[in-house]
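Please look through the sequence and the model shown below before reading on.

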Amino acid sequence: RDFCLSRGLGDVYKRQEALAVLLQRQVDQIPRIVSSMAEGKYGRHVLDVILSLPAHVLAPLKAELLQLLQSREPRLRRRMLGALVTAHWVDRADAIELARPSLEDEDPTVRNRAVRTLRALEVPGDVTAHRSDEDYPWDL
């Protein structure tokens, strides 16, 4: 803990708040940042800052943000699935349809997040019923 504080990481929250203020003023830059994020140029913390912006800021950027569900980075796919639960810029029915394909993701942590997301969105029934355990034997 002291190591992190001595390295200046104690100011992470201040930097994230400053970035959020900056992005609210320069919303037109967010699509470029999200595109670069999909290419691995920015970390998850930048996505966290973007997702913390108000719904009226994110709603026009919905298409760009949802492209991260197709990112080659599992951590971005997981984070976006988690965001679907509380996102006010995407309605519940769309969130459910967007999360379902991730039940068959190649990464087991993304599949797990998809199950948790669909349960949080209160999807009735067994959300894993459409896939066979034989498809992913290492997931058992």
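In which helix is Ile33 found? Ile33 is found in helix H3, where helices (H or I, at least four residues) and strands (E, at least two) are DSSP runs numbered from the N terminus. The model is a predicted one, in which local features need pLDDT of at least 70 and side-chain atom pairs count only at pLDDT 80 or more, while totals for chains, interfaces and linings use all residues. Residues are numbered from 1 along each chain as its sequence is written, and side-chain values use heavy atoms, with hydrogens and water left out.

Ile33 counts as buried because its relative accessibility is 9%; buried means under 20% relative accessible area, exposed means over 50%, and partly exposed lies in between, with a 1.4 Å probe and protein chains only. When residues up to four places away in sequence are not counted, Ile33 touches Leu23, Tyr42, Val46 and Ile50, a contact being heavy atoms within 4.5 Å.

The pairing of Ile33 with Val46 belongs to the contact between two helices, which is made by Ile30, Ile33, Val34 and Met37 of H3 and by Val46, Leu47 and Ile50 of H4. The axes of H3 (residues 30–38) and H4 (residues 44–51) come within 11 Å and cross at roughly 145 degrees; such axes are lines fitted to C-alpha atoms, for helices over the stretch in contact, and the angles run from 0 to 180 degrees between N-to-C directions. The crossing of H3 and H4 is left-handed, a term used if the near helix is turned anticlockwise from the far one by less than a right angle, and right-handed if clockwise. The residues of the contact of H3 with H4 divide into 7 nonpolar, no polar and no charged, where Ala, Val, Leu, Ile, Met, Phe, Trp, Tyr, Cys and Pro count as nonpolar, Asp, Glu, Lys and Arg as charged, and the others, Gly among them, as polar.

Helix H3 also holds Ser36, which counts as buried because its relative accessibility is 12%. With neighbours within four places in sequence left aside, Ser36 is in contact with Lys41 and Tyr42, and Tyr42 is also touched by Ile33.

The largest nonpolar core has 36 residues, and Ile30, Met37, Ile50, Leu65, Met80, Leu84 and Trp89 touch the most other members; a nonpolar core is a set of buried Ala, Val, Leu, Ile, Met, Phe, Trp, Tyr and Cys residues joined through side-chain atoms within 4.5 Å. At least two residues of this core come from each of H2 (12–25), H3, H4, H5 (55–58), H6 (62–66), H7 (74–86), H8 (92–99) and H9 (108–120). In soluble globular proteins, nonpolar side chains tend to be buried together.

Leu84, leaving aside its neighbours within four places in sequence, is in contact with Leu66, Leu69, Val90, Ala95, Leu98, Ala99, Thr117 and Leu121. Leu98 and Leu66 are 32 residues apart in sequence and 8.4 Å apart in space, C-alpha to C-alpha.

Two loop residues deserve a look as well. Leu68 lies in the loop between H6 and H7 and counts as buried because its relative accessibility is 1%; its contacts, not counting residues up to four places away in sequence, are Val34, Met37, Ala38, Leu47, Leu76, Arg77 and Met80. Ser102 lies in the loop between H8 and H9, is buried with a relative accessible area of 8%, and touches Leu81, Val110, Arg111 and Ala114 on the same exclusion of residues up to four places away.

How many helices and strands does the chain have? The chain has 9 helices and 0 strands, and buried residues make up 36% of its 140 residues. Of the contacts in the chain with a separation of 6 or more, 57% are between residues 24 or more positions apart.
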